[in-house]
Amino acid sequence: MDLKGFDRPGSPTAGETRSVKVMIAGGFGTGKTTMVRSVSDIKPLTTEETLTQASAGVDHLIGVADKTETTVSLDFGKISLNDTLMLYLFGTPGQERFWFLWNGLFKGALGAVVLVDTRRLASSFRAIEEMERQRVPFVIALNVFPDSRHHPVEEIRDALDIPPHTPVVAFDARDRAASRDVLVTLIRHLKDRSAAALEPR
C-alpha cells in the first residue's frame, strides 16, 4: 500500500512521519467509540458516561434501547498505517445536545469517516450535513449490526443522497482489520482529490 506523498506534492523526507487528524463521526449509537477502540494502536481515551433517567426525553433511544453509555465529549486513539503515516482519530459525540463541540473538534481535520447504522439512516443525516457544511472530505462506513438487514451499498448511497465520488463501504466496527480498511479507504479518497483540497484547514 503506497500512501506516501498523499497530502502534499513531492517525496517525504527520509524517516519523516506524517500525522493526520481524522474525525470519526455519525449519529447516536452508530459505533464510533467501538471503532476507535477496535482499531487504535494505544488504549484509547474515551469520555463515556452512563445513561441515566435524566436523559429520558432528551436522547432518542429508538433502535438502540440496550445502549447504556454515551460519549459526552470525544474519543481519541491513534493508528500507524505504515512507517511514515500516523492517523490521530477523534470520535465525536452523537447526541444533539453535544453538537456544539463539533466545531472545535473539526479544526485541522484532513478528513472524516461517517458511520451509518442502516437500521436508522436518519440518525446520521446531521453528521453528513456537517461534513458538507465544513467541507471536510469523508467516506461513509455502514456499520453492520447483527440484526441489520442486508441492503446493497448503492441503495444506501441513494437513500443518503451521497455523490458517486464519495466511497461507501460496509464493515463491522468491532473488527480491527475491517476498521483499518475503512481508514485506508479514506486516505485513498483523500489522495485522489486535488492537492489544494488536501491541505489541512
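Select Glu-130 and Arg-133 to begin: the two form a salt bridge, with their closest N and O atoms 2.6 Å apart. A salt bridge here is a side-chain nitrogen of Lys or Arg within 4 Å of a carboxyl oxygen of Asp or Glu. This is a predicted model, in which local features need pLDDT of at least 70 and side-chain atom pairs count only at pLDDT 80 or more, while totals for chains, interfaces and linings use all residues. Residues are numbered from 1 along each chain as its sequence is written, and side-chain values use heavy atoms, leaving out hydrogens and water.

Glu-130 and Arg-133 are three residues apart in helix H3, about one helical turn; helices (H or I, at least four residues) and strands (E, at least two) are DSSP runs, numbered from the N terminus. Glu-130 is buried at 4% relative accessibility, whereas Arg-133 is exposed at 53%. The terms are defined with a 1.4 Å probe and protein chains only: buried is under 20% relative accessible area, exposed over 50%, and partly exposed in between.

Move on to Arg-135, in the loop between helix H3 (125-134) and strand S7 (138-143). Arg-135 has a positive phi, near 55°, and is exposed at 73% relative accessibility.

Then select Asp-161, in the loop between helix H4 (153-160) and strand S8 (168-171). Its phi is also positive, near 60°.

Finish at helix H1 (residues 32-39), where six of the eight residues are buried, so the helix is largely enclosed by the rest of the structure.
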